[in-house]
Amino acid sequence: MIRPILGSGLSSLAMCLPLVAAAESLVATRAIAAQSVLSAEDMALVDAVIPGALGDPALAVGLQTRRAIYPGRPILERDLGPPVLVGRNTRVQLRYLSGGLEIAAEGRALDKGGAGEVIRVMSLGSKTVVSGRVMADGTVRLGDDTCAGC
């Protein structure tokens with residue numbers, strides 16, 4: 001931050017003072033099992049800068065843990081994800097939509113995934129492995145935009 005020096009009569013002289021940034025990080029308040037959906041009671045803010053830790057409880061509430069998190073340990077962004085809607089090896093409904101054409105088929109999930117994630121699915125009819133995006137209702141949508149990060 002730049003502050004003018006008061007009372008010196010020099011209006012163009014400035015002094016640089018370092019700013020002390022206060023930051024908070026999220027830590028677990030209890031042992032949280034892997035695959036648990038987080039609630040506000042599972043976490044607390046501490047006055048510390050922990051690399052990779054979330055700083056806002058709103059960013060973590062409703063997400064699912066990918067691994068166990070122990071009391072007092074930081075809640076890291078990489079350890080969280082959307083709740084799993086499709087489990088590995090479960091039967092899913094495949095949907096392909098293009099213009100006015102809609103094709104539905106049955107498949108078996110080869111990966112687990114939450115809403116918005118791209119997973120691999122084997123079509124039960126053709127035994128072909130395809131990639132699709134998990135939708136909020138648990139179906140898997142196929143199409144051109146489903147492999148945007150593959």
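These are my notebook entries on a predicted model of one protein chain.

**Ground rules.** I number residues from 1 along the chain as its sequence is written, and my side-chain values use heavy atoms, with hydrogens and water left out. As this is a predicted model, local features need pLDDT of at least 70 and side-chain atom pairs count only at pLDDT 80 or more, while totals for chains, interfaces and linings use all residues.

**Confidence.** I looked up pLDDT (the predictor's confidence in each residue, from 0 to 100) and found a chain mean of 84, with 81% of residues at 70 or more. Over residues 1–11 it stays under 50. I remind myself that where pLDDT is low, the predicted coordinates should not be read in detail.

**Strands.** I found 13 strands and 0 helices (DSSP runs, E of at least two residues for strands, H or I of at least four for helices, numbered from the N terminus). Strand β3, residues 25–28, pairs with β4, residues 43–46, in the antiparallel sense over 4 bridges (pairing takes at least two DSSP bridges). Valine 27 stands opposite alanine 44 in β4.

**Inside.** Ser25 and Val27 point one way from β3, Leu26 and Ala28 the other, and all are buried (under 20% relative accessible area, 1.4 Å probe, protein chains only). Leu26 and Ala28 also belong to the largest nonpolar core, which has 10 residues (buried Ala, Val, Leu, Ile, Met, Phe, Trp, Tyr and Cys joined through side-chain atoms within 4.5 Å). A second, separate core of 9 residues includes Val86 and Leu142.

**One residue.** Which residues does isoleucine 75 touch, beyond four places in sequence? Among them I listed Leu26, Val27, Met43 and Leu80 (contact means heavy atoms within 4.5 Å).

Key. Buried < 20%, exposed > 50% of the residue type's maximum accessible area, 1.4 Å probe, protein only.
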